[in-house]
Amino acid sequence: QHYFTVLFGHEGQKPLELRCEDEVDGDEWVEAIHQASYSDILIEREVLMQKYIHLVQIVETEKIAANQLRHQLEDQDTEIERLKSEIVALNKTKERMRPYQGNQEDEDPDIKKIKKVQSFMRGWLCRRKWKTIVQDYICSPHAESMRKRNQIVFNMVEAESEYVHQLYILVNCFLRPLRMAASSKKPPISHDDVSSIFLNSETIMFLHEIFHQGLKARIANWPTLILADLFDILLPMLNIYQEFVRNHQYSLQVLANCKQNRDFDKLLKQYEANPACEGRMLETFLTYPMFQIPRYIITLHELLAHTPHEHIERKSLEFAKSKLEELSRVMHDEVSDTENIRKNLAIERTIVEGCDILLDTSQTFIRQGSLIQVPSVERGKLSKVRLGSLSLKKEGERQCFLFTKHFLICTRSSGGKLHLLKTGGVLSLIECTLIEETDTS
């Protein structure tokens with residue numbers, strides 16, 4: 001027998017004693033309630049705040065050091081300009097002091113031959129030195145970095161071409177044929193379902209066709225590669241990706257429901273048998289846009305790793321990367337929030353009386369399962385605590401749901417329906433204390 005007790009900090013709420021059938025399940029419940037503790041979140045918040053203050057101090061120190069270095073560079077630039085002016089003045093003085101040279105036509109023929117040989121030698125030495133400089137640069141880390149950067153750009157163009165081709169198959173092999181089928185006399189699918197499944201896929205295809213054409217135009221001007229302005233064009237239009245990602249799970253559900261229709265399922269299999277699909281299903285093509293933003297972020301990380309700090313595109317590429325990362329976080333949070341809301345609503349629908357606290361969007365589901373509720377024992381005697389419609393004088397099985405803010409306790413009727421306990425069915429975890437007794441007796 002494995003028991004544990006939950007004591008609540010606020011008055012009017014008596015201890016809750018629970019029992020599990022096996023030790024592993026009990027440990028998992030205790031660990032889950034520990035992780036749901038509000039005090040741990042406060043401690044973690046305080047630790048993160050201290051780290052944040054420390055990082056702010058480091059940033060301020062780095063800014064002061066950067067300003068000092070900037071002032072030193074300005075002073076050195078001024079000194080260089082002064083030295084240049086002095087060199088120019090000295091050269092002019094030297095030119096005036098140079099003796100007058102006679103007419104070259106009066107020079108000795110042997111002198112002319114010597115000058116010609118010297119000219120050939122100087123040319124040979126210059127070419128040799130230039131060849132050494134070029135070979136040293138080819139073997140230098142900077143040249144290797146530039147070669148890797150160019151290869152990243154070439155791979156990006158190939159990946160973009162493949163992605164545009166996938167979107168083209170999605171639109172031309174599925175979206176447009178299904179749109180036509182929805183307009184037929186006996187439509188296997190409605191226009192609303194087509195819009196729900198594909199949403200703005202066609203707009204995404206047009207957007208990336210433009211982006212791909214811009215990339216190919218930049219490659220035509222190689223080795224001059226300017227890519228930042230292309231991302232500047234792409235960034236303001238990426239909100240359509242938010243709509244697609246937000247709708248993705250729902251589109252797959254609509255597609256699954258439509259497949260219950262035999263006519264639609266038969267028609268869809270005909271479209272998927274197209275050689276251009278290469279055996280891939282419609283769900284696969286609908287998933288491709290979900291990974292495009294992370295792919296851009298990875299590509300920009302690799303580009304910046306091989307882009308010098310003084311490069312003309314450095315700031316623009318960093319700005320594009322930060323915007324894409326921000327968009328990726330927003331889309332991830334929206335998908336997580338949507339899945340959490342659907343899970344909470346699914347649990348709320350299973351409870352006959354309903355539960356208003358599950359309509360809170362910040363309420364996150366953690367765990368559910370069956371627990372045995374045991375009678376409360378005070379000073380060796382059973383306390384007469386009424387929970388629901390019965391006095392708890394014997395053990396009872398409860399269906400429990402753990403969330404970040406509340407703990408729900410339900411009973412299951414003979415028909416399989418869940419009912420919240422009338423008293424103590426919804427317990428707040430904001431101010432509670434978990435005590436695990438080690439005394440086995």
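Helices α5 and α8 are oblique to each other, since angles under 35 degrees count as roughly parallel, over 145 as roughly antiparallel, 65 to 115 as roughly perpendicular and the rest as oblique. The α5 axis (residues 191–198) and the α8 axis (residues 239–258) come within 7 Å and cross at roughly 135°. Helices here are DSSP runs (H or I, at least four residues), numbered from the N terminus. Axes are lines fitted to C-alpha atoms over the stretch in contact, with angles running from 0 to 180 degrees between N-to-C directions.

This is a predicted model, where local features need pLDDT of at least 70, side-chain atom pairs count only at pLDDT 80 or more, and totals for chains, interfaces and linings use all residues. Residues are numbered from 1 along each chain as its sequence is written, and side-chain values use heavy atoms, leaving out hydrogens and water.

Back to α5 and α8. Helix α5 contributes Asp193, Ser196, Ile197 and Phe198 to their contact (heavy atoms within 4.5 Å). From α8 come Phe244, Asn247, Tyr250, Ser251, Val254, Leu255 and Cys258. Seven of these contact residues are nonpolar, three polar and one charged. Here Ala, Val, Leu, Ile, Met, Phe, Trp, Tyr, Cys and Pro count as nonpolar, Asp, Glu, Lys and Arg as charged, and the others, Gly among them, as polar.

Helix α8 also packs with α6 (residues 201–220). Their angle is about 145°, with the axes 10 Å apart. The crossing is left-handed: the near helix is turned anticlockwise from the far one by less than a right angle, whereas clockwise would be right-handed. Ser201, Thr203, Ile204, Leu207 and His208 of α6 meet Ile240, Tyr241 and Phe244 of α8. By class, that contact has five nonpolar, three polar and no charged residues.

Next, α4 (residues 141–182) and α9 (residues 262–272). Their axes come within 10 Å and cross at roughly 145°. This crossing is right-handed. Cys173, Phe174, Pro177, Leu178 and Ala181 of α4 touch Phe264, Leu267, Leu268, Tyr271 and Glu272 of α9. Nine of the contact residues are nonpolar, none polar and one charged.

A cavity is a set of points on a 1 Å grid, over the protein atoms alone, where a 1.4 Å probe fits but cannot get out. The count comes to one cavity of 30 Å³ or more. The largest cavity holds about 50 Å³ of space. Val6, Phe8, Leu18, Ile33, Leu402, Phe407, Leu427 and Leu429 line the largest cavity, each with an atom within 4 Å of a point. This lining has eight nonpolar, no polar and no charged residues.

Note on methods. Helix = DSSP H or I, 4+ residues; strand = E, 2+ residues; numbered from the N terminus. 1 Å grid on protein atoms, 1.4 Å probe; cavity = no way out; pocket = protein on both sides within 12 Å on 5 of 7 lines; lining within 4 Å. Points joined across faces, edges and corners; volume = space filled by probe spheres on them.
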